[in-house]
Amino acid sequence: MAWSSAVCRSHMRRSGILVKHLEKGHVQVNRSVGANVAADPESGGNDESEKKEGCKSFYAVQQDRQEQADRSVLISCHSRTEKKFLKYLSRHGDVKKYFFYESYGMYAVVEFANRESVASLLEAATMPSVNHESTVPFKSRLLSLRNLGSADSPNQRPGQKCQPQITIPINELIKRLSREERIDQQITSLTEAYQLTEENSRLRFLVCSLLKDIAAAYFPECTIKPFGSSINGFGKLGCDLDMFLDLDGISAQKPNSGLFLEYQTKRANSERAVTQSILSVIGECVDQFGPGCVGVQKILNARCPLVRFSHQPSGFQCDLTANNRVAMKSTELLYLYGELDPRVRHLVFTVRCWARTHSITSSIPGAWITNFSLTVMVLFFLQRRNPPIIPTLDLLRDLAGPMDKSMIEGNDCTFVSDFSKIQVQTNTETLEQLLREFFEFYAVFAFNKMSINIRKGKEQNKPEVAPLHIQNPFETSLNVSKNVNATQLERFVALCQESSWLLQQSETNTPRGGSGGDTPTSWGLAALLLPSQVAGIKSRKKRRQEPASERIKSLLESLKNKNQPNKS
């Protein structure tokens with residue numbers, strides 16, 4: 001059996017790369033300003049170090065990001081002169097990286113070479129003077145740049161032009177994909193259009209760092225970390241920023257013998273009650289003292305208590321939880337799978353886009369399949385390839401070392417973190433083959449009796465009565481798709497059948513570029529993103545329909561006949 005080393009993909013792009021995308025409808029970014037000020041122009045790049053950085057463990061990468069964020073400030077700036085802006089900041093220390101973007105005004109993210117420079121900058125900052133309002137005297141690393149020599153205008157911009165940075169509209173994406181020559185290229189183009197950028201990732205960690213400054217007033221040793229789509233490698237532009245307040249760093253160790261001191265603390269009936277109390281206080285502080293934090297909601301009676309709010313300076317919608325350690329392990333697992341083979345991320349982005357286009361998934365809670373469930377379905381499919389593209393979770397657990405051992409609330413969350421220990425079998429299937437096979441796989445999957453299990457990498461008998469059963473990788477007694485009803489699963493299967501059939505037809509599987517300035521005809525992946533003929537399906541029991549392939553064939557024949565010239 002042939003083997004090859006694990007494929008490592010660098011998440012850290014060249015430090016001088018320009019900004020491509022930031023966040024949501026209000027956010028714009030200056031494409032030509034993002035720069036590494038301290039970079040050596042004679043070095044000619046540092047590709048080798050980037051490759052090594054891409055192979056770092058999940059926690060090593062997160063640590064680097066957190067250190068970058070702690071050396072950074074977020075500045076609202078109306079100054080038109082970029083050189084003066086940098087010259088002023090450089091008085092306090094070397095500026096390592098900066099970029100501009102728009103969200104309810106112009107902002108700059110500035111990373112200094114060390115924290116002392118940030119402290120110096122904050123020492124020089126003053127509280128705003130207002131005549132008719134009272135201000136909360138809370139000092140943070142969210143600042144405003146003022147110029148006494150001229151009037152500040154919110155309409156001023158830095159010298160370089162800012163481009164709108166919103167998630168590309170689906171009709172524009174379809175046009176872009178239709179211009180590609182191969183389906184493989186369409187899939188990679190979609191990923192490039194939707195994935196988070198270097199600058200966007202930096203901004204997410206900076207928002208977490210700013211929130212930590214608020215929480216540290218009560219818990220000085222705490223950290224606030226992003227989890228989920230923001231850091232697992234599968235985040236789409238516009239996704240929410242999920243964060244958790246990590247209090248595990250607060251020491252609870254006791255000496256083996258002799259005298260010692262311990263803190264007197266309040267006690268509560270349960271850990272959940274402690275979490276609710278902490279989030280209630282932090283949520284109140286964010287609401288009352290957090291600059292730019294609006295619409296704060298304390299949702300404390302949910303299964304996982306949280307504080308929800310909008311962070312206007314970044315444009316992010318934020319959810320803050322506490323000690324959500326299992327969710328962080330799930331995030332790490334997805335990150336690891338995405339690093340093992342680049343096809344994993346490409347296929348997940350493509351299937352997620354397809355699913356959202358056809359309303360299989362939704363941003364509104366309900367009976368829809370969630371992005372996490374859909375991602376697990378893609379991972380399971382890749383484990384079932386021959387040979388497998390990614391290993392099972394049980395195999396990753398068997399490769400784990402002593403430092404990888406992790407038991408959380410009685411759940412075994414252990415798996416290897418060292419990429420060098422993982423070997424993957426040689427599988428040469430193209431992205432086009434995998435996409436087509438994905439739809440075929442789930443078009444005939446026995447959902448009525450089988451469960452999806454990425455821990456074992458094979459189907460299991462359903463342990464409960466539910467239309468769709470996907471075992472939680474770590475909390476194995478839970479079904480992560482328990483919310484999905486029969487109608488939504490039937491729609492998913494019908495759309496898989498339709499998409500599988502479409503990818504087999506020459507009419508939709510062959511590039512058909514427009515002549516001259518004409519818009520190219522949608523084909524391949526682009527055709528799969530067009531409105532479906534099965535979108536309105538309710539229930540197969542209530543409404544019998546002919547097979548999807550027959551309906552689509554009839555549709556194609558009618559279109560051909562309609563386009564033929566009238567001989568009479």
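Okay, a term to start: a residue counts as buried under 20% relative accessible area, exposed over 50%, and partly exposed in between, using a 1.4 Å probe and protein chains only. Before we use that, this is a predicted model, where local features need pLDDT of at least 70, side-chain atom pairs count only at pLDDT 80 or more, and totals for chains, interfaces and linings use all residues. Residues are numbered from 1 along each chain as its sequence is written, and side-chain values use heavy atoms, with hydrogens and water left out.

Which residues of α3 are buried? Phe85, Leu86 and Leu89. Down the axis of α3, these fall within an arc of 90°, so they line one face of the helix; the arc is taken from the directions from the helix axis to the C-beta atoms. And the face turned away from that buried side? Lys83, Lys84 and Lys87 sit there, exposed. The buried residues pack against several elements, including β3 (72–77) and α4 (115–124).

Now helix α5, residues 170–178: Leu173, Ile174, Leu177 and Ser178 are its buried residues. They fall within an arc of 130° seen down the axis, so they line one face too. Among the elements covering them is α10 (342–357).

Leu173 turns up again in the largest nonpolar core, 85 residues, as one of those with the most contacts inside it. Such a core is a set of buried Ala, Val, Leu, Ile, Met, Phe, Trp, Tyr and Cys residues joined through side-chain atoms within 4.5 Å.

Definitions and conventions: Helix = DSSP H or I, 4+ residues; strand = E, 2+ residues; numbered from the N terminus. Contact = heavy atoms within 4.5 Å.
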